[in-house]
Structure formats: C-alpha cells, structure tokens
Amino acid sequence: MNTSTLTSLRSRRDRGETYGITSVCSAHPDVIRAALILGRDIDQPVLIEATCNQVNQDGGYTSMTPAKFRTFVEEIAGSVGFNTEGLILGGDHLGPNPWKHLSAADAMAKAKEMVAAYASAGFSKLHLDCSMGCVGEPEALDDELVARRAAQLAAVAEDNSSFSPVYIVGTEVPVPGGASHAVDDLDVTDPAAARRTYDVHSRSFAEHGLEAAFQRVIGLVVQPGVEFGNANVVAYRPDQARNLSQSLTDMPNVVFEAHSTHYQTAEALSSLVGGGFAILKVGPGLTFALREALYGLDLIASELDGEAPMLKQTMENIMMGDHNHWAKYYSGTSSQQRLQRHFSYSDRIRYYWSQPAARQAVDVVRTRLGNRSLPETLISQYLTPLTAKVRSGDVVANFDGIKLAYVQATLRDYAKACGH
C-alpha cells in the first residue's frame with residue numbers, strides 16, 4: 001500500500017500548502033463506491049477505514065475480517081475502474097475496546113491478534129487506541145499505560161506487515177457516532193496535553209525498541225471542538241483551536257486527525273485543514289446523505305406510480321424488531337425516538353441497511369423507478385439540493401445517479417477542503 005500521501009501531510013503543511021485527506025469510515029458499499037468514483041474522477045487517492053468493532057478477526061458487526069474487508073473494497077474499486085494503487089486502507093481505534101469486558105491481559109491478547117490481522121491484510125494506516133480500561137481498571141487510563149500498550153500493538157504490527165505502516169496515536173475524540181444528547185460547546189484539547197501524548201508515546205516506543213516505527217507516527221488524534229448530537233451540530237471555531245494548531249510546531253512529522261467532522265460547513269472543513277487537522281474523518285454523515293436520497297427517491301416513486309411510499313415504514317419495522325443499535329442512544333418520548341430512528345445526525349439507521357429486508361426494500365424502489373429520467377419538478381420537491389445540477393446536466397436524474405450524487409455532494413466538500 002502506498003503511504004506517500006499520508007507521510008507527506010506534514011511536509012506539505014510546512015511548505016505552506018493547505019492539503020489534507022478525507023478518511024471515509026463506512027462499510028456501506030454505496031458510500032465506498034461513491035468515494036472511489038470521486039477519487040477516480042479527480043485523480044486522488046482514497047482512504048477508507050474500518051473500526052475495531054466493525055471489522056476484526058472475529059468478524060465484527062459486519063461479519064468481515066480485515067482480509068475480507070480489503071477484498072470487499074478492492075472488488076468495488078475494480079467495478080468502478082479505480083486503480084487500487086491509490087487505495088489506502090486504515091484501521092481505527094485498534095485496541096482492546098471490543099473486549100474491555102475481559103481482563104486487561106485477555107483483552108490485549110485479542111487486540112494483538114486483531115492488529116496482526118489488520119497488518120497482514122495490508123492495512124497501512126493504523127490508529128492505536130488503548131485508552132479504555134478493562135475489567136478491574138478505571139474507565140480512562142493514565143497516559144503512560146495507554147502509550148505502553150500502544151507500543152505493544154505497534155510491535156505486533158511491525159512483525160506482521162510486509163511494508164512499513166504509518167501510525168496514529170492519541171484518543172481525545174468525540175463520542176463515536178456522535179453524542180446522544182444536545183451539545184452546545186466543547187473543550188478543545190489543551191496544547192500541553194497534546195504535546196504530552198506525543199512525548200509519552202515517543203518514550204514508550206523507544207523503550208520497546210521501536211524508534212523507527214515512531215518516525216512513522218504521522219498523526220495525533222485531538223479534539224478541535226467539533227461534535228454533533230442527535231439534532232444539533234457544534235460548529236468548528238478556529239479561534240478556539242488556534243493555540244492547539246500552533247502546538248504542531250513542537251511535534252515534528254505529525255498532523256492532527258479530527259474525528260466527528262460530520263455536518264460541518266464546507267468553510268469549516270477548509271478551516272480545519274488550514275489549522276493542521278489534515279485528516280478529516282467522516283462516516284455517519286455519508287450514510288445520512290444516502291438515507292436522504294433513498295427516502296426522497298421513494299417519495300418520487302410514489303408520485304409517479306400512485307402507490308404509497310414504503311421504504312421508511314419498512315425501515316421502521318426493521319428497527320422496531322431489532323433495538324440493538326439504537327435503543328440506548330435515543331431517548332425521549334416514543335414520538336421523539338421515532339424521529340431519531342430515521343433522522344438523527346448520529347444515523348444509527350446505518351446499521352440496518354445491510355439486512356435482507358432493507359436491501360429488498362431499496363431494490364423495490366429501484367424497480368419502481370427503473371432507469372427513467374426523473375422529472376425535474378419532483379427532484380425540486382423531494383431532492384432539492386440536486387435541482388441545479390440536474391438542470392445543468394451535471395447529475396444524471398435517475399435512481400443510481402441521484403443516489404451517487406447525494407453522497408458525493410458531501411465528499412466533494414471534503415475534497416475541496418483538502419485541496420483536491
């Protein structure tokens with residue numbers, strides 16, 4: 001895997017360039033397809049990441065091992081004509097998190113097995129995250145222990161990779177998938193805390209004889225002040241992150257990695273990259289856009305054939321039959337929970353699109369619409385953001401064209417912010 005794009009992020013910044021990369025954190029084939037088609041069209045590498053809960057040696061919630069996930073992504077790449085030389089695969093939050101209900105020794109043994117699977121499968125960007133406590137430990141661990149465990153995982157990666165992977169360290173990130181409540185403001189990572197994270201990892205890697213591997217630590221995860229709840233977004237404020245951005249001068253070779261950047265404006269994304277947050281992660285924001293497109297297409301089908309829309313009700317039935325992925329995240333009255341199931345920014349509905357009944361329902365919408373060109377007036381009514389691009393001919397006004405364009409509209413904001 002070619003890591004030159006990642007290893008050049010800091011040197012580009014030092015030369016005064018505003019340059020970054022989007023990290024697409026999704027296992028949905030339509031999202032991955034949209035990202036690869038855009039990468040092909042603008043001739044840029046594509047970084048796609050899997051998380052420790054999503055993909056691991058036991059299959060994760062996608063039932064895919066790292067090797068299977070790589071094959072899955074490469075098959076999509078082949079189908080759209082994307083050169084896999086430009087494909088970068090990453091592993092996010094690799095550590096004991098999926099097994100924190102076990103003892104630290106047992107959880108770390110599983111984490112090492114997982115990292116070995118990612119490394120041997122050719123994943124070249126590895127975020128090492130050992131911040132969480134296991135059975136009998138505090139919920140959050142001290143920096144030295146976190147760094148020591150991260151170094152242990154790095155040693156495993158070095159032993160199992162056929163090339164030299166790059167690493168991300170640090171764990172001060174928003175809640176995965178967004179907060180479950182309204183958020184109004186956030187504390188930006190203290191610059192001293194960022195420098196301490198860098199220093200303790202440097203020392204720990206050296207203590208494990210991994211000085212060369214630490215030279216490939218290219219990113220530090222911090223909190224730049226971005227987050228989203230179920231119904232609101234905390235906007236990035238460059239003034240609040242200015243001191244954090246300036247602290248990069250004390251940490252050679254690295255840039256910052258920003259998580260939960262979903263739903264930020266195009267201007268905010270550009271400001272993040274300009275502030276040194278050169279790796280922008282996005283996942284639920286892409287499946288949120290996909291859901292908007294599919295619901296809109298279902299409503300257009302209803303207008304055209306006179307039959308009732310069915311996709312939203314099908315997804316409601318599926319989610320009410322399986323509470324595992326949403327019940328503990330959505331609170332309030334039954335009506336409020338119903339709205340969140342479909343329209344929350346945290347997009348917990350994304351876990352259900354792979355179910356057979358959901359795939360069948362999407363196929364029904366596709367069949368109802370066929371490959372016909374959809375009326376501009378109905379696009380204006382139900383898929384308003386695409387009206388101008390349909391009118392200009394930039395977007396093909398059929399089922400597949402609309403679905404692709406909705407996801408790519410978000411991805412294009414990221415690409416522009418990253419200087420592509």
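This is a predicted model: local features need pLDDT of at least 70, side-chain atom pairs count only at pLDDT 80 or more; totals for chains, interfaces and linings use all residues.
**Entry 1**

I started at Trp326, which is buried at a relative accessible area of 2% (buried is under 20%, exposed over 50%, partly exposed in between, with a 1.4 Å probe and protein chains only). Residues are numbered from 1 along each chain as its sequence is written, and side-chain values use heavy atoms, with hydrogens and water left out.

Next I ran the ring search, which gave 15 aromatic pairs in the whole structure. My pair rule covers rings of Phe, Tyr and Trp (its six-membered ring) with centres within 6.5 Å; planes under 30 degrees apart are stacked, over 60 edge-to-face, the rest tilted.

Tyr263 and Tyr345 make a tilted pair, 4.4 Å centre to centre with 40° between the planes. They sit 82 residues apart, Tyr263 in the loop between strand E9 (255-258) and helix H10 (266-274), Tyr345 in the loop between helix H13 (334-343) and helix H14 (356-369). I took helices (H or I, at least four residues) and strands (E, at least two) as DSSP runs, numbered from the N terminus. Tyr263 is partly exposed at 23%, and Tyr345 is partly exposed at 25%.

Back to Trp326: with Tyr330 it forms a stacked pair, 6.4 Å centre to centre and 25° between the planes. Tyr330 is buried, also at 2% relative accessibility. I also noted one aromatic cluster of Phe69, Phe72, Tyr118 and Phe123.

What does Arg341 touch? I looked beyond four places away in sequence and got Glu316, Met319, Met320, Trp326, Tyr330 and Ile349 (contact is heavy atoms within 4.5 Å). Arg341 belongs to helix H13 and counts as buried, at 5% relative accessibility. Gln340 and His342 of H13 are buried too. Helix H11 (284-305) and helix H12 (311-321) are among the elements covering the buried residues of H13.

Arg291 turned up over two ring faces: Phe288, 4.8 Å from the ring centre, and Tyr295, at 5.4 Å. My cut-off for a charge over a ring is NZ of Lys or CZ of Arg within 6 Å of the centre and within 35 degrees of the ring normal.

**Entry 1: strand E1**

Are the faces of E1 (residues 21-24) covered or open? Both are covered: Ile21 and Ser23 are buried on one side, Thr22 and Val24 on the other.

For neighbours, I found E1 running parallel with strand E10 (residues 279-282) over 4 bridges, Thr22 being bridged to Leu280. Pairing needs at least two DSSP bridges. E1 is also parallel to strand E2 (residues 46-51), with 2 bridges, and Val24 has Ile48 as its bridge partner.

**Entry 2: cores**

I counted 115 residues in the largest nonpolar core, with Leu36, Ile48, Phe69, Met315 and Ile402 having the most contacts inside it. A core here is a set of buried Ala, Val, Leu, Ile, Met, Phe, Trp, Tyr and Cys residues joined through side-chain atoms within 4.5 Å. Helix H5 (residues 104-120) gives the largest share, 9 residues. A second, separate core has 13 residues, including Leu47, Ile218, Val221 and Ala278.
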